[in-house]
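Student: I have the sequence and the model open. Can we work through some helix packing and ring pairs?

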Amino acid sequence: MNLPSRQTLVFLFDLFAVGVAWWGGLLLLGAGPWIMADLDLAVGFFLVLTIAQAFLNAWAGLYRGIWVFASLPDLRRVVHAVLTASLLLAVLVFCSVWIGRAPPWEVMIQFPVILLVTMGGGRAAWRMWKEYRLYGGLVSQGRPVVVVGAGTGGAMLGRELERSPDWRVVAFLDDDRHKWGREIHGHPVLGGTADLPRVLQQLRVQHVILAMPSAQPEILSHVADLAVKAGAQVFTVPGLDDLMSGKVAVNAMRAVDIEDLLGREPVQIDSRDVGAMVRDRTVLITGAGGSIGSELCRQLAGFPVQRMVLLDASEYALYTIEQWFLDHRPEIEIVALIGDVQDADRLEEVFAAWRPELVFHAAAYKHVPLMEVGNAWQAVKNNVLGTLRTAQAALRHGVDRFVLVSTDKAVSPTNVMGASKRLAEMVCEALQNPASLDRQGTQFSVVRFGNVLGSTGSVIPKFAEQIARGGPVTVTHPEIRRYFMSIPEAAQLVLQAAAMGRGGEVFVLDMGEPVKILDLARNMIRLSGYSEDQLDIVFTGLRPGEKLFEELLADTEKTVRTAHPKLRIACSRPVLDGLVGELEAWFKSTSVLCDEDVRRALLRWVPEYTPMGTRPLLRVVEGGGDRGVEMRAPG
């Protein structure tokens with residue numbers, strides 16, 4: 001056998017172990033007289049066992065592993081080789097019985113036991129000694145940390161942390177009472193998650209690692225909240241699949257972010273339905289460079305799409321998503337096109353040239369305060385006229401499905417942005433009606449969801465920037481609440497709704513309970529390593545068009561269940577005939593409208609719209625500085 005030098009040493013050790021097991025076993029049994037009387041037979045047994053063991057060890061794969069990483073699979077290989085050798089010894093002993101020169105029969109038990117202990121114990125001892133030399137000096141170094149979760153994930157993480165100079169595990173916590181008082185890698189399990197504040201205080205620890213990859217989001221949120229309120233910095237680990245596959249490492253840990261504290265499970269979609277919908281088809285995404293549009297592109301890249309046409313008015317946004325495809329999915333055919341969804345000629349050119357069969361319309365102006373003051377007419381043109389022009393082009397060119405990305409702000413809207421999105425929804429509902437226009441088979445669906453974490457202009461990046469600057473963190477009102485979802489969730493919901501849609505539906509996501517923006521701000525401050533005494537939270541008052549609570553359904557709307565547990569269909573009020581013609585005439589006869597004229601016009605078609613107008617903003621400061629109340633004008 002051609003073995004490297006280090007493996008040769010292991011091979012020689014195993015042969016030495018055979019000698020220890022054979023001769024040592026005989027001496028322990030008091031078989032000295034038999035050895036002296038039948039030395040030639042004893043030596044013959046030893047030579048046969050040694051040669052056989054050499055081949056059996058190679059057969060069992062003992063020389064493929066590395067001693068310093070010896071583990072249960074290596075022990076299993078040792079057991080296989082030893083058991084097979086013990087069967088050979090049994091055959092030899094029974095053969096020697098026939099000639100009347102048999103050794104003590106107990107050697108058939110003694111030999112495999114000693115051989116197993118020597119070979120397995122040698123490997124274990126080498127690993128312990130090597131790990132002590134490599135990592136033993138690190139035990140007293142590193143930042144002390146409490147690991148929450150004493151299951152498989154926690155145990156694997158604990159072993160990784162023992163090898164890190166940056167961390168030092170001082171205790172485990174787990175809600176399984178059977179583990180309390182036990183030890184993992186020499187570290188005690190001191191109680192359950194409810195004991196976290198006490199343990200952190202007693203042990204003077206400021207770092208917590210959540211090693212609960214299979215826990216429900218609300219449990220993770222509760223434990224993280226306990227930790228941050230106790231002044232600790234919180235980290236988490238990858239999922240259980242990554243842990244079990246050996247991908248986990250200390251550098252794979254990350255700080256808990258606000259998305260981990262939403263307290264609800266993310267949406268899961270039926271990939272088969274979506275795959276069947278897009279297979280070998282050309283898909284057009286408007287607003288392809290935006291937050292939702294770009295994530296839709298990335299999600300669709302995981303399905304067998306024939307071609308993706310990316311349309312956006314922003315050159316930089318379009319360039320960014322184009323580069324993502326070139327870097328990550330170069331095999332997918334993409335067409336990156338600059339264009340405004342209000343430009344009917346450009347849309348006609350795009351649809352005629354590329355013949356899309358599915359359209360995801362994500363292009364929109366979404367920032368409420370910006371659209372409310374000085375930009376109301378642009379919001380209506382982009383959100384309503386843009387939707388109308390794109391939908392009409394889809395009808396003319398026989399697109400199979402058209403999906404409008406909408407918002408919860410379209411429900412009982414109090415701002416121009418929400419009212420314009422509700423009117424865009426109504427355009428799709430009107431075009432679905434065969435009496436309004438020749439449908440040519442196009443199915444129109446609307447997807448309505450809440451705020452998207454991390455999207456352009458959302459509150460989370462704003463808070464992060466304010467915290468990085470040292471504060472203050474601005475919240476418009478202490479009682480303001482919003483529904484939240486992640487960007488991947490939003491994109492997945494759009495795809496699932498598209499696959500389920502049969503035409504005319506307004507899909508609504510079951511988004512759980514709304515979240516207080518103030519709680520988000522406080523959690524982000526704590527997760528960033530600050531206390532509320534160090535950073536002020538400033539209440540600036542509701543902005544123009546902003547309301548305290550968003551709704552996913554209007555009072556007059558009911559919902560119908562779907563096959564997807566997180567999706568429902570809103571039963572909206574019927575759209576009056578002639579809506580499309582009226583809007584066409586309005587846009588043709590109007591060049592520019594002031595904000596107030598836009599609001600009056602929206603009331604004509606969206607009676608549930610209740611404009612809030614502009615008003616003074618209330619400024620309240622709480623936190624480390626002196627509290628105070630101050631009136632200030634908008635802007």
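**Helix contacts and ring pairs**

Student: Is the crossing where helix 11 passes helix 12 left-handed or right-handed?
Tutor: Left-handed means the near helix is turned anticlockwise from the far one by less than a right angle; right-handed means clockwise. Helices here are DSSP runs (H or I, at least four residues; strands are E, at least two), numbered from the N terminus. Where helix 11 passes helix 12, the crossing is right-handed.

Student: What kind of model is this?
Tutor: Residues are numbered from 1 along each chain as its sequence is written, and side-chain values use heavy atoms, leaving out hydrogens and water. Local features need pLDDT of at least 70, side-chain atom pairs count only at pLDDT 80 or more, and totals for chains, interfaces and linings use all residues; the model is predicted.

Student: How do helix 11 and helix 12 lie relative to each other?
Tutor: The axes of helix 11 (residues 291–300) and helix 12 (residues 315–328) come within 10 Å and cross at roughly 15°. Angles under 35 degrees count as roughly parallel, over 145 as roughly antiparallel, 65 to 115 as roughly perpendicular and the rest as oblique. Helix 11 and helix 12 are therefore roughly parallel.

Student: Which residues of helix 12 make the contact with helix 11?
Tutor: Contact means heavy atoms within 4.5 Å. Helix 11 brings Ser294, Cys297 and Arg298. Helix 12 brings Ile321, Trp324 and Phe325.

Student: How many aromatic pairs are there?
Tutor: Phe, Tyr and Trp rings (six-membered ring for Trp) pair if their centres lie within 6.5 Å; planes under 30 degrees apart are stacked, over 60 edge-to-face, the rest tilted. By this rule, the count is seven.

Student: Is the Phe402–Phe444 pair stacked, edge-to-face or tilted?
Tutor: The ring centres of Phe402 and Phe444 are 5.2 Å apart, and their planes stand at 50°, so the pair is tilted. Phe402 sits in strand 12 (residues 401–407) and Phe444 in strand 13 (residues 443–449), 42 residues apart. The class of the pair is thus tilted.

Student: Is Phe444 buried or exposed?
Tutor: Buried means under 20% relative accessible area, exposed over 50%, partly exposed in between (1.4 Å probe, protein chains only). Phe444 has 1% relative accessibility, so Phe444 is buried.

Student: How far apart in sequence are the parts tied together by Trp586 and Trp605?
Tutor: Trp586 and Trp605 form a tilted pair, 5.1 Å centre to centre with 55° between the planes. Trp586 lies in helix 20 (residues 579–589) and Trp605 in helix 21 (residues 595–605), so the parts tied together are apart by 19 residues.

Methods. Axes fitted to C-alpha atoms, helices over the stretch in contact; angles between N-to-C directions.
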